[in-house]
Amino acid sequence: MDIQRIKSDLSEKRAELESRTERTHKHIYQKDEPVSANFNEQIKQTENDGLVMALEAEGIEEITQIDKALQRIDSGTYTQCQHCGGEIGESRLLAIPYTDSWIGCASYACHNAELGLKGPGQLMEPNFKLKEQLL
Ligand SMILES: [Zn+2]
């Protein structure tokens with residue numbers, strides 16, 4: 001796996017996201033047009049703001065993940081699952097270069113988040129049988 005290539009791809013993606021979140025941020029907080037006096041127009045504006053805010057939050061979250069991935073590349077732990085220490089696997093890293101866990105831990109992390117479980121003590125055990133099927 002060409003880690004240097006992944007590193008430069010991630011940096012590129014990060015710059016792209018940064019300029020996008022800058023634009024969405026401006027769109028939300030530095031409005032040129034005044035708030036409409038028309039109630040239906042106001043609702044539409046609020047809906048648009050909500051979408052743009054979600055986009056901004058998503059971009060910021062992605063930047064955070066990319067930063068963490070770049071740190072893991074520098075510290076030599078890029079291919080290690082941050083939850084169990086196992087190998088993440090090349091195909092998964094190529095598909096999602098900023099992932100910090102192999103699919104088994106990732107799917108359980110999602111599952112646990114859905115259940116509102118936090119902290120390692122409460123986490124369910126990942127299904128290691130999945131590993132052979134999915135990697
Ligand atoms: Zn793991």
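## Overall make-up

Of the chain's 135 residues, 10% count as buried. The model is a predicted one. Its secondary structure consists of five helices and zero strands, and the pattern along the sequence reads α-α-α-α-α.

Contacts in the chain can be sorted by how far apart the partners are in sequence. Among contacts with a separation of 6 or more, 56% are between residues 24 or more positions apart.

## The pairing of α1 and α2

Two packed helices are described by the angle between their axes and the distance between the axes. Helix α1 covers residues 3-29 and helix α2 covers residues 39-75. The two pack with their axes 9 Å apart, at an angle of about 155°. Angles over 145 degrees count as roughly antiparallel, and α1 is therefore roughly antiparallel to α2.

The crossing of α1 and α2 is left-handed. The residues of this contact comprise 13 nonpolar, five polar and eight charged.

## Helix α2

Helix α2 is made of 37 residues. From its first C-alpha to its last it reaches 54 Å, close to the 54 Å expected at 1.5 Å a residue. Just after α2 comes Gly76, which has a positive phi of about 75°.

Buried residues in α2 are Gly59, Ile66 and Ala69. Helix α1 is included in what covers the buried residues of α2.

## Two residues at the pairing

Glu22 belongs to helix α1. In sequence, Glu22 and Gly59 are 37 residues apart, while in space their C-alpha atoms are 9.7 Å apart. Gly59 is one of the buried residues of α2.

Val52 is found in helix α2. Being buried takes 20 or more C-beta neighbours, and partly exposed residues fall between that and the limit for exposed ones. Val52 counts as partly exposed because it has 16 C-beta neighbours inside 10 Å. Leaving aside residues up to four places away in sequence, Val52 touches Thr24, His27 and Ile28. His27 and Val52 are 25 residues apart along the chain, and 7.8 Å separates their C-alpha atoms.

Key: Residues are numbered from 1 along each chain as its sequence is written. This is a predicted model: local features need pLDDT of at least 70, side-chain atom pairs count only at pLDDT 80 or more; totals for chains, interfaces and linings use all residues. Helices (H or I, at least four residues) and strands (E, at least two) are DSSP runs, numbered from the N terminus. A residue is buried if 20 or more other C-beta atoms lie within 10 Å of its own, exposed if 12 or fewer, and partly exposed in between; C-beta atoms are placed from the backbone. Two residues are in contact if their C-beta atoms, placed from the backbone, lie within 7 Å. Axes are lines fitted to C-alpha atoms, for helices over the stretch in contact, and angles run from 0 to 180 degrees between N-to-C directions. Angles under 35 degrees count as roughly parallel, over 145 as roughly antiparallel, 65 to 115 as roughly perpendicular and the rest as oblique. A crossing is left-handed if the near helix is turned anticlockwise from the far one by less than a right angle, and right-handed if clockwise. Ala, Val, Leu, Ile, Met, Phe, Trp, Tyr, Cys and Pro count as nonpolar, Asp, Glu, Lys and Arg as charged, and the others, Gly among them, as polar. The expected span of a helix is 1.5 Å times one less than its number of residues.
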